[in-house]
Amino acid sequence: MGYAQLVIGPAGSGKSTYCSSLYQHCETVGRSINIVNLDPAAENFDYPVAMDIKELISLDDVMEELGLGPNGALIYCMEELEYNLDGWFAEELENYRDDDYLVFDCPGQIELFSHVPVLRNFVEHLKSKNFNVCAVCLIDSQFITDVTKFISGCMASLSAMVQLELPHVNILSKMDLVTNKKDIEDYLNPEPRALLSELNQRMAPQFLKLNKALIELFLMVRWMSIAW
C-alpha cells in the first residue's frame, strides 16, 4: 500500500515552502518521500520534483493557444490531468513501489478543492491504486488575525473537507511573520458566542442570521478537525 499527502490551500499560503521543508526533514531523518508538482504554472522548486504536471501540460501553453485567462487555463490544465489519469499519470505511478510516500504540491486556486470535482476524482483514482491519502490544508496565519478573515479561512477548510472526504489536517503557516502572537492566540480556541458578538459588530444588521449560521458551521469545522 502506498501513501499520499495532498497539500492544498489558497495561493501564497506556503504550500511549496511546506513541501520543501518536509523534504529536508525527511532527508535528515532518513525517510524517503517524493514531491509531485501539480501546479502547471510553477517554475522554480526548492525540492527535487519526482513528477511534474508540466510534462503533460503547462499553463502558459494553454493561455497562448486557447486565449484563456489564468483561472480558466488552470482549470483546463487540471481537467487535462483528470483525462490522463489512466494514461500519463498511471505510467508515472508505475515508477514507485507500494510503500513509497508521495506528496502532491497542488495549485492554489480554491475552486479546485472546494467546488470543482477534479481533485476529488484525482483522490479517488489514487485510492483505486491502493494509496492511503490524507489532506494537509495550509492557511496563512496572518490571514486569521481578524474575525471575518478567520471565518473565511474556516469556511474554505470546511469546503475542502466536504469535497475531498479525506483525513484532514489544518496548518497555520508563516507564523514568523505575525508581529503580535496574541492576535493568533485569540482564535486558536475561541468561544463561539464571543466570535458571534465580534462578527455582529463588524457586519450590518441584515447579516445577523447569516453570522449565526457561519458560527454554527465554524463549530462543525472544529468538530470535524478533532474527529479526523
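Predicted model: local features only at pLDDT ≥ 70, side-chain atom pairs only at ≥ 80, totals over all residues.
With a relative accessibility of 36%, K127 counts as partly exposed.

**The salt-bridge network**

- The side chain of K127 forms a salt bridge with that of E124, at 3.9 Å from N to O, and the two residues lie three residues apart in helix α6, about one turn of the helix.
- E124 also meets R120 in a salt bridge, at 3.5 Å from N to O; because R120 and E124 are four residues apart in helix α6 (residues 118-128), about one helical turn separates them.
- E124 counts as partly exposed, since its relative accessibility is 36%, and R120 is likewise classed as partly exposed, at 23%.
- R120 has a salt bridge with E165 as well, at 3.0 Å from N to O; E165 sits in the loop between α7 (147-164) and β6 (168-173) while R120 belongs to helix α6, so this pair ties together parts that are 45 residues apart in sequence.
- E165 counts as partly exposed because its relative accessibility is 47%.

- L66, L68 and Y76 form a nonpolar surface patch, whose accessible area together is about 240 Å²; of its members, L66 lies in helix α2 (residues 59-66) and is partly exposed, at 43% relative accessibility.

Note on methods: Residues numbered from 1 in each chain as written. Heavy atoms only, no water. Patch = residues over 30% accessible without salt bridge, like charges linked within 9 Å, V, L, I, M, F, W, Y side chains within 5 Å. Areas by Shrake-Rupley, 256 points an atom, 1.4 Å probe, with all protein chains shown as cover. Salt bridge = Lys/Arg side-chain N within 4 Å of Asp/Glu carboxyl O. Buried < 20%, exposed > 50% of the residue type's maximum accessible area, 1.4 Å probe, protein only.
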